[in-house]
Amino acid sequence: MSDFTADNGPAKGDAKSSLFHETTRTKRRNAAEARFKAYGIAAIATGLFFLVALLVAILGNGLPAFKQTFVTIPVELTEAKLDKSGNRNPEELAKVSTFGYKPVVTDALIAALKAEGIEIPFAKEKDVEDILSASVAAQVRDTVLANPDLIGETVEFRLLASSRVDGYFKGRVTRDALARDKNLDAEHLDVADAMVAAGLMKTTFNADFIFGADASESRPEQAGIGVSMVGSLFMMIVVLALALPIGVAASIYLEEFAPQNKWTDLIEVNISNLAAVPSIVFGILGLAVFIQIAHLPQSAPLVGGLVLTLMTLPTIIISTRASLKAVPPSIRDAALGVGASKMQSVFHHVLPLAMPGILTGTIIGLAQALGETAPLLLIGMVGFIASNMPDGIASGFIDPNSAMPAQIYEWAKRADPAYYERAWGGIIILLVFLMTMNIIAVLLRRRFERRW
Amino acid sequence: MPLLWLFILVVALGLIGFILGRTRALKDANGDIRLLHSLPNYYGSNVLLAVLIPGLAAMLLWLILQPMVIQGQVSSMIPDTAYTDKGSLNLVMSDVRRVAEGLDIAVEQGTLTREQARDIRTELTDIRARLGAVGVALGSNVESYVLKAAQKYRTMNAVGNWMMTVAVLGAALAGFAVSMLRTNKDMRARNSVERVIQGLLIGAASIAILTTLGIVLSLIFNTIEFFKLYPALDFFFGTTWSPSFGGGSELGILPLFWGTFYVSIIALLVAVPIGLFAAIYLSEYAGPKVRAIAKPLLEVLAGIPTIVYGLFALLTVGPMLMTVFGADGGLGWMQGGRSVMTAGLVMGVMLIPFVSSLSDDIINAVPQAMRDGSLGLGATKSETVRQVVLPAALPGIVGAILLAASRAIGETMIVVLGAGAAAKLNLNPFEAMTTVTTRIVSQLTGDADFASAEALVAFALGMTLFVITLVLNIFALVIVRKYREQYD
């Protein structure tokens, strides 16, 4: 190309038009060429920049959700307050509400602070309890009800710190911001700093975020994604159990048996259109057909799974057909030649050979379904629904639950910024699942794919 | 009989049928496999299918029809005075179901006997307290007709379940008997099994049609219902969107349309240049190594769920735009983090891989001979791309852009989290505006009462959305297909 000129240098005193002399026109054309190439590089760089920015935002904001600040103090479970009659009767113990436990915990905190010589800078010593999460009384109560023999003893408890204190140690909450906050004062932070120095308070890994349930609006420190993860799991079971057989059966028919007629054309057009229908329309379909007409339970993973099945089917059908098409006709001919029926040639020979491709497509379809949110909002799989793990397989399918992406959406909607951290953390977990599924799909393809 | 047990029973019957059918055929041929028409397993499978298909079909049909029949019977028991329209009838019926459920639980826990549950009267017992004691909280005192309907509901359900067991087992046994009687060594078992399997395959393929039909019907019926309550002209040409569940709401779609198109246009302005240039660079300039790394990395963007982009818009891009265009310290054009610009930018990022991989395919489909011809005449690479490759690929690229536009219009999570909730007809891209999809979500979320115009409007919105995206998709596919034919 015209780049040669640069190496040889312009010839002296030559004619105006020469290969060795770069005319203004050539210069302009070369500059345009360089610009065009630069645009391309810039476009790719922008795309990759967005990818990096997304990942940085996710990791930077989400990783703190996996750590949590805990307060470890001995709590004296006074008999006089928790079991007045002293007979450890479970029914009478259950009558003492969390309000009964609250002073016990607060007293324990004050005692622990005094034992370490930490000064309590409040007029009312009781105010120091805001350092702890509102959930601690329930935590102590549950422990006592599960094991009434503990009453009267002093037990070491690992209690959640409140979300503001937690945010302070993660750098989310600053002292300036607390001036406008009525939940916590700067003095609390002084106490918290002193507690960290004394070893009473520690920020450690938080398994409850991964395995726990969602919590109410006011206690972000307690919220976890575990229950919605189970909801997602049950939905994926439904999708896998329905979409894989139906999708494979439909593709086999369309690819191997279907005659060229109007009905086949209609099916083909339908499948390619369904693949492009907005996901929210599938949500409307699910709401109208499964809930309005069939009266299936609202918010149930079963319904969510059905809706996602309909949504995933086109993806699975398209990829299955591609892998069936990739099996060479000679395989079919050989099977037919030794006397197999058409059905036998497909099920005994073509299908097993296409299986790796089908599985890859199915896993990718499942990954897509796992991250889908919009249709779930319409069938009610959102909001503060399930606070406990389902108690059995049937209840896992039928009882109201959420799903990972819907739970993330729910957290993103809440007013308390502490929930944003949970939402980002939830996204990390969701992406880990998606990444694992995609890597499995790629490995399957690498390992088993055959080129004919 | 519990459903699960019934299911297991039918499957077990099928498996027994498989073994017996196979044995019977072999016996008929005196154990000589050469005398059989088909392989022995086909005789077994024939019986298995003859048991499973009628049994399970009866079960499915019953499960679908029973609630409808019972609903119809029970709702006719409720006096006309108790409800004014269909919506309040639905409310009464859900009360009935709840009371019936409560009675079931009470019987299960032993606080009521079966006879008591059938015979109690509101005049004699405080039902609400009784059911409250077993953990079923009712909103109001139980009216006597509700209780009667609930009792009827329970008896009909019990009878129905009993009848279902009989019907399902009857169908399965009939299939079993007929297929067993037909089994002999000359029976064409393979052919009949293959015919049934082919039928099942056709059925599976038709689910796509059923889904489309389901979408269209559920949208159409509810949309018609909506237009009975709210005039269609006001819906399509109204310029105000202010739903209020108390009544007197204005439901004009134009502001929502404007928001949708504004966001989509910004998204396309981001995605099309970046995606197109990326595709051109990857297919015309990049070496195999760069391509092998950059292409999958760009496609990672397409695999990220939209909720992630939504959060990115709400919590990262929105605040970032605020520091530049916001009121304190910035240019003062922006009131809050949610805006058309926020959602549009992020949606554009989401669409980059969509545009780039589609255009990449199309550019690669342009025959190499055309490039060689152009380069041979002395054109530079960029001139070749601009004057030869792109014009040849143009129809396909337009198709790709249309597909991207239909994606943008139907996208939900990014706009729900990033675009805001105020319906406005405004030109400022830094204002919060709302879109068709966000309104569908907000009108329908968690609401099972489809009687009011405010809830039904979501179906009309969904219908509009469905029609627009369908037209765009078909148009795009036609363009792409037509173009592909030129070079194949």
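Modeller: Let's go for helix H19 (residues 404-413) of chain A: nine of its ten residues are buried, so the helix is largely enclosed by the rest of the structure. Buried here means 20 or more other C-beta atoms within 10 Å of a residue's own, exposed means 12 or fewer, and partly exposed is in between, with C-beta atoms placed from the backbone. Helices (H or I, at least four residues) and strands (E, at least two) are DSSP runs, numbered from the N terminus.

Before going on, a word on the source: this is a predicted model, where local features need pLDDT of at least 70 and side-chain atom pairs count only at pLDDT 80 or more, while totals for chains, interfaces and linings use all residues. Residues are numbered from 1 along each chain as its sequence is written, and chains are lettered from A and ligands numbered from 1 in the order in which they are written.

Back to H19(A). The buried residues are Met404(A), Pro405(A), Ala406(A), Gln407(A), Ile408(A), Tyr409(A), Glu410(A), Trp411(A) and Ala412(A). What do they pack against? From chain A come helix H11 (226-257), helix H17 (374-378) and helix H20 (418-448), and from chain B come helix H11 (306-325) and helix H15 (413-418). Contact means that two residues have their C-beta atoms, placed from the backbone, within 7 Å.

On that count, 69 residues of chain B are in contact with 71 residues of chain A. On the chain B side, helix H7 (residues 189-229) gives the most, with 20 residues. That side of chain B divides into 45 nonpolar, 21 polar and three charged residues; Ala, Val, Leu, Ile, Met, Phe, Trp, Tyr, Cys and Pro count as nonpolar, Asp, Glu, Lys and Arg as charged, and the others, Gly among them, as polar. As for confidence in the pairing, the predictor gives the complex an ipTM of 0.88 and a pTM of 0.86.

Now the partner itself. Chain B has 17 helices and two strands, and 43% of its 488 residues count as buried. Its C-alpha atoms fill a box of roughly 90 × 75 × 40 Å, taken along the principal axes. Chain B averages a pLDDT (the predictor's confidence in each residue, from 0 to 100) of 85, and 91% of the residues score at least 70.
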